[in-house]
Protein chains: 2
Amino acid sequence: MNPQKLPHLVIVGAGFGGLKAAQKLAKLPVRITLIDRQNYHLFQPLLYQIAIAGLVPSQIAYPVRTIFRRQKNLTFQMGEVSAIDFDARYVKMDGSVIAYDYLILAVGGQTNFFGMQALEHNAFQLKNVESAVATRNHLLEIFEQASREADESKRRALLTFVVVGGGPTGVETAGALAELITHVMVKDYPHMDLKEVRVLLLEAGPYVMPSYPDGLRKSTFNLLRKKNVEIMLNAKLTDYNGEQVTLSNGMRIQTRTLIWTAGVRAAELADQLRVGQAASSRVVTEPTLQLPNHPEVFVIGDAAYFVNGNGEPLPMLATVAQQQADAAVRNLKKILKGEKPEAFHYKDPGLLATIGRNAAVARIWGLSFSGFIAWVIWVALHIYRLIGFRNRLVVLINWAWDYLFYETQVRLITKE
Amino acid sequence: MNPQKLPHLVIVGAGFGGLKAAQKLAKLPVRITLIDRQNYHLFQPLLYQIAIAGLVPSQIAYPVRTIFRRQKNLTFQMGEVSAIDFDARYVKMDGSVIAYDYLILAVGGQTNFFGMQALEHNAFQLKNVESAVATRNHLLEIFEQASREADESKRRALLTFVVVGGGPTGVETAGALAELITHVMVKDYPHMDLKEVRVLLLEAGPYVMPSYPDGLRKSTFNLLRKKNVEIMLNAKLTDYNGEQVTLSNGMRIQTRTLIWTAGVRAAELADQLRVGQAASSRVVTEPTLQLPNHPEVFVIGDAAYFVNGNGEPLPMLATVAQQQADAAVRNLKKILKGEKPEAFHYKDPGLLATIGRNAAVARIWGLSFSGFIAWVIWVALHIYRLIGFRNRLVVLINWAWDYLFYETQVRLITKE
């Protein structure tokens, strides 16, 4: 059969969802064009490790072309999709047009600043390689500045680090940052009094880890406290001007570093599509993950608004995106065979978050773990999931080293 | 003894020279302030490996504070020195002033574009982490562009890579780039005809590796040819506008990529010092490495103009900087004891350059080597010299992997 006559499937996004869908389609009689604005797949759950100088980007990013070298039915295009014409069935990318028969939209998410422009301008975020590297450079630069600042109140403002958001990313970042300071920076800056350092974790609600069972919320709270993270609950940020955080209760905190992990939304492209959007700008899908009135289009992952059995939208997690990728591929196969697509059902595989060097919390296989056992599970699972054997090996060496010597490798301040 | 009463030595620059001097002074009764505009020491001879996506910055850069953790008599300051008052004996850094009793200037070198502004604006260079990463991003981006370029002449211009300078850096870059293309890119871009790719090495003089013995020049030439590098000798560049190289013989080459390795000069700071400068803007020193009329100031490394026994100035090499650091420290000790400083003599330890994955040329221990044996020497020596055991281990794993699988790890296009 002439490959040009095969149906053309375009996948937008090479994150967890897009990548999985493309891989699952390896043996199907379709031509696939995979598009991403980066030339690599990023293991986002470890981005915070880049920010705290624990890993370098190449350890958690892997070139898309290399992943798909052996998949003959796939072509990769690096580029930014600016618009999609669902009626004429084509995607606009960097001035050129790519027609499709089927489309999987897996465009992912981005940070949500909820319209607070000063915050957006002054906060650091952990959504891509560049923002994580910028955060690392800033954190290290701040220590250099503090080391030569003679004025105590200015120095204390420099050495106050605020992480906003009590979900897994905020908890992991605050815990890892506290450890970087108490175990590594203390050696690099022997002349500084690191008692002046504060790591604050701000959460607008009454708990850290709100999506976790109560026992693990408490474990998280205690583990963070043990690492000298100051936790402020019911602390709702209203403004950050780059030097001062203002909370809704009027409290002010002087800081030059605010890492915002308290909001995610669908990628901006979702706003350009003229389709139905729900909370967090996510695209509303049919139970089959198809776009309403466009059965040839599937929407999966962070960008998809899909209501679960309990009436809540599914969270923006890699496992959701991957399960939806599986389901979209199954439904695409059915359509190609002339069968009816089926509704998607999410199976919760558990929750897992790390809090620094040797502690984590996990709910997995119906059980709750915290502390060192949860950390071992976390390390094993994350290393296993990283694409590429060498990456796994290098990450493993780094972590073993860190664990033995309380050391991190990449405290380089690079220019942006 | 009150440490504040000890003589204060300021070292400007944490490159090979400054680092070595600081380490040699660990046990001397002096207070040392080491200043660098980066917070890391960089193993410059491997910068080209970053440009061709073979290594990542953290494998060849190491935080200065970590290197000197155990050296009690040293303080590190990250900052840019803008001026020095030799009469009043202070250094100006980022608005503050640092007084010294003794000074070691080890400010290093930078790329010399010989006043060709269009070239400077459009060329890529390999002098620091940022420029090497920019080169890597550009090379990978060019392949993405070429993969979607339908016009053959435009595609050929994209796929023409010009390296200028037949010295070790140019030879190493051209050889490694040719291998990246023939062994790695060919797998990542299966739809592209990589016969359209050209890697050109331009040298203004009649030989590649002019400072090497004739036999090794010939070996280099042949090794490069075997890797499909086109060598153009007596090819003097007069202009590069970003799209077209013009040579003095009127020849034009269409290319979007020119990597300039054909000129080095002392760092710009040398021009601000109002001291005697010679060829390549280097600061003229006494035979003892002291600054004329300022016996308390030593100038070493790339920034120092020092004429060897044969009447030629010493080349800008790590080994020269390190030997001069040794000599400057010896002379400083003599001065502190009230003795007379001695003239510096350079001992040539040999020459060594690699040409891609498994070939190199070396003149060492009075012998000439080329091919695989030289490559093994090169790998062993470079890994040994890299600071930090983990760095050595990770670099070793990377290279072993590359060697076995013709693979490089870091083909990530990151935004600048």
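Predicted model: local features only at pLDDT ≥ 70, side-chain atom pairs only at ≥ 80, totals over all residues.

Which residues of H9(B) are buried?

Modeller: The buried residues of H9(B) are B:Leu216, B:Ser219, B:Thr220, B:Leu223 and B:Leu224. Viewed along the axis of H9(B), these buried residues lie within an arc of 130 degrees, so they line one face of the helix. An α-helix has 3.6 residues a turn, so residues three or four places apart point the same way.

The opposite side of the helix has its own residues. Exposed residues B:Asp214, B:Gly215 and B:Arg225 are carried on the face of H9(B) that is turned away from its buried side. On the buried side, the cover includes one helix, H8 (168-188), together with strands S12 (198-202), S13 (229-232), S24 (360-364) and S25 (367-371), which belong to chain B.

The length of the helix can also be checked. Helix H9 of chain B comprises 13 residues, 214-226, and at 1.5 Å a residue these should span 18 Å. The end C-alpha atoms of this helix are 19 Å apart, which agrees with that expectation. After H9(B) comes B:Asn228, which has a positive phi, near 70 degrees.

Positive phi values occur elsewhere in the model as well. B:Ser280, a residue other than glycine, has a positive phi near 60 degrees. In chain B, the loop between strand S18 (264-266) and strand S19 (283-284) holds B:Ser280. B:Ser280 is partly exposed, because 17 other C-beta atoms lie within 10 Å. In the other chain, A:Asn293 is not a glycine either, yet its phi is positive, about 70 degrees. A:Asn293 belongs to the loop that lies between strand S20 (290-291) and strand S21 (294-299) of chain A. With 11 other C-beta atoms within 10 Å, A:Asn293 is exposed.

B:Gly54 sits in the loop between helix H2 (47-51) and helix H3 (57-60) of chain B. B:Gly54 is buried, with 25 other C-beta atoms within 10 Å. From B:Gly54 to B:Val307, 253 residues apart along the chain, the C-alpha atoms are separated by 36 Å.

Contact between the chains involves 32 residues of chain A and 32 residues of chain B. In chain A, strand S4 (61-63), helix H3 (64-67), strand S5 (74-78), helix H5 (129-147), helix H7 (168-188) and helix H11 (389-405) each supply at least two residues of the side that touches chain B. The largest share of that side, five residues, comes from H11(A). By class, the side of chain A that touches chain B consists of 15 nonpolar, seven polar and ten charged residues. Of the interface residues of chain A, 100% are also interface residues in chain B, so the copies meet through the same surface.

Finally, chain A is divided into domain 1 (3-37 + 79-111 + 265-336) and domain 2 (119-261). Taken over C-alpha atoms, the centres of domain 1 and domain 2 of chain A are separated by 35 Å.

Key
Residues numbered from 1 in each chain as written. Chains lettered and ligands numbered in written order. Contact = placed C-beta atoms within 7 Å. Helix = DSSP H or I, 4+ residues; strand = E, 2+ residues; numbered from the N terminus. Buried ≥ 20, exposed ≤ 12 C-beta atoms within 10 Å, placed from the backbone. Expected span 1.5 Å × (residues − 1). Arc of directions from axis to C-beta. Domains from an automatic or database assignment. Nonpolar A, V, L, I, M, F, W, Y, C, P; charged D, E, K, R; others polar.
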